[in-house]
There are 2 protein chains.
Amino acid sequence: MTEPLSFDVVGIGNALVDVLTHQEEAFLVEHGMTKGSMTLIEPELAEQIYSAMGAGLEMSGGSAANTIAGVASFGGRAAYMGRVHDDTLGAVFAHDLQSIGVHFGSKARPDGPPTGRCMIVVTPDAERTMNTCLGSSAMFCPEDVDAALIRSAKVTYLEGYLFDRPESKDAYWTASEFASAAGNKVALTLSDLFCVERHRADWLELIHDRVDIIFANESEALALWGCDDIETAVERARSDVAIACITRGEKGSLVVNGDEVHEVPAHPVEHLVDTTGAGDLYAAGFLYGYTQDRSLPDCGRLGSVAAAAVLGHYGARPGLSLAQFVDLLD
Amino acid sequence: MTEPLSFDVVGIGNALVDVLTHQEEAFLVEHGMTKGSMTLIEPELAEQIYSAMGAGLEMSGGSAANTIAGVASFGGRAAYMGRVHDDTLGAVFAHDLQSIGVHFGSKARPDGPPTGRCMIVVTPDAERTMNTCLGSSAMFCPEDVDAALIRSAKVTYLEGYLFDRPESKDAYWTASEFASAAGNKVALTLSDLFCVERHRADWLELIHDRVDIIFANESEALALWGCDDIETAVERARSDVAIACITRGEKGSLVVNGDEVHEVPAHPVEHLVDTTGAGDLYAAGFLYGYTQDRSLPDCGRLGSVAAAAVLGHYGARPGLSLAQFVDLLD
């Protein structure tokens, strides 16, 4: 006799507050930024960039936290773990998750670095370039993993960005072992090309041993499996992981599950404003569908509509409830 | 031989960071809020409201600061004085003004209350209801007035909201005396009906002795001069102040200057999103025109277009440069 689980998805990642600003392309060149990338920066450089950039719009962010906010917006039961400091931005981060019904039990830390922030430069072509000062968020370690929460969620969703310090890698092993032992699923997003290049061997090990679902864009997938074409990546995905979702921008996504490969079209976006969070929301739609026992093509389609919902506005979280989008598929 | 002044407008007001949230009408009822009003609240109640409301979007605000940001956006030379605490929100406030070219010399305070914040509830009809926890901003006193800055600006712009504690009233007298003595102008916005009702006698005295330009909406003007109809208010304005701008929402505004009364139409707004900051931006457009020696009807029209520019988006500061709107009039 087993009780039904309390949560659909619990996410773990870097707890960050986003600072969005509109800048011309020249701003990227001036500060040596690579468009579309995410760069980790030290507090001194963060200060310099912040001084040089225009007025900002602050809102809670963090890749896995955006995904979890998306799951909650669909009506899913969602929870989050991540480190914030006991400061204004930490309080903003906690409030914004709790206010949309996400369970966030992590205690704000009274010591250590301040709450992390991510400066997102949006250029006129709607591309976003991120400079992240991780602060408190990167200090996540095995003691921060809430075993009971992991056991009570159908899926534990791990953000690639956080997989960096030895302590946070340990935390991911700890979390995924709790999930597997309880018979629950582990999902992982590769997050960024630099994450893949930096920790490829460690990741392949974690994926092989513990991960059930991975999310990657095309270049991340090619880098992970060290190949040049998508067909080979799909082949490797088949043998390494139960389900792989490979997102391809306007070309949609591929959902690979053993011998099945589902091609899912992108959902049309009328007016592209900002690409921030599109990948995060794809994962939200997919995982919401997955935890509601939808078919894999349906899960992919929910991913596409969720991504489209944030491509049309400024910021990485949906402005309106995503629950209405479910109707699009029914 | 006089040197040209360094600034067009210097503003003084409550330095606040806005926290915007979308809520249904029921939220206002539940928390006993009067739609469209601004209520001052204590930190405990602020905490309660913040916990109950949805995810927020943080951005720098403050009525006079919004006006000053608008003046800068038109290409005017603008400065601001106001009190912030040495905390994250204080740094955000200073950054956002400085990043758009506004001179902000006020030192962040290491002690006393935290930086003020204003929770703005936007209902589906685009009306905004504000709950403000003033914090550090309300502690503004005569020592915070930078005499050299006042002397170097064509217009000193005073926000009615700050005119509350005896020390801040003294600061307004101090500032307006510096301005008058230098042969510069003093402008005042009445801000809100409750400000007028609370300090009517003190305000009439300040206006009579020191103010050259006032900004008021219709109900504030009627309350100030204790009359029931706009014609009487216009009569009283003629005798009390050199220039009075009375804004009337969709009906536009009246610019009263001695025997002249200019009726200025509102600028059409295609898609009303949020009324936050419309009055602040009207003052920005008017003062920008005034300091460029435009005719009074032109100043009023610049006010109308600046107001329209923020009515169509979320937040109280213009998203794009207002300088382009000047072309509309030429």
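Let's start with Cys227(B), which sits in the loop linking α8 (218–224) and α9 (230–240) of chain B. Keep in mind that this is a predicted model.

A residue would need 20 or more to be called buried, and 12 or fewer to be called exposed.

Who does Cys227(B) touch? Leaving out residues up to four places away in sequence, its contacts are Leu222(B), Thr232(B), Ala233(B) and Arg236(B). Asp8(B), on the other hand, is 219 residues apart from Cys227(B) along the chain, and their C-alpha atoms are separated by 34 Å.

## A covered strand

Now hop over to strand β1 of chain B, residues 7–12. This strand is mostly covered, with six of its six residues buried.

Which strands pair with β1(B)? One is β9(B) (residues 153–159), which runs parallel to β1(B) and is joined to it by five bridges. Here Val10(B) has Thr156(B) as its bridge partner. Another is β5(B) (residues 78–81), also paired in the parallel sense, over four bridges. In that pairing, Gly11(B) stands opposite Tyr80(B).

## Where the chains meet

Finally, look at where the two chains touch: 17 residues of chain A are in contact with 18 residues of chain B. On the chain A side, β4 (57–60) and α4 (88–99) are the elements giving two or more residues. The top contributor is α4(A), with six residues.

Definitions and conventions:
Residues numbered from 1 in each chain as written. Chains lettered and ligands numbered in written order. Predicted model: local features only at pLDDT ≥ 70, side-chain atom pairs only at ≥ 80, totals over all residues. Buried ≥ 20, exposed ≤ 12 C-beta atoms within 10 Å, placed from the backbone. Pairing = 2+ DSSP bridges. Contact = placed C-beta atoms within 7 Å.
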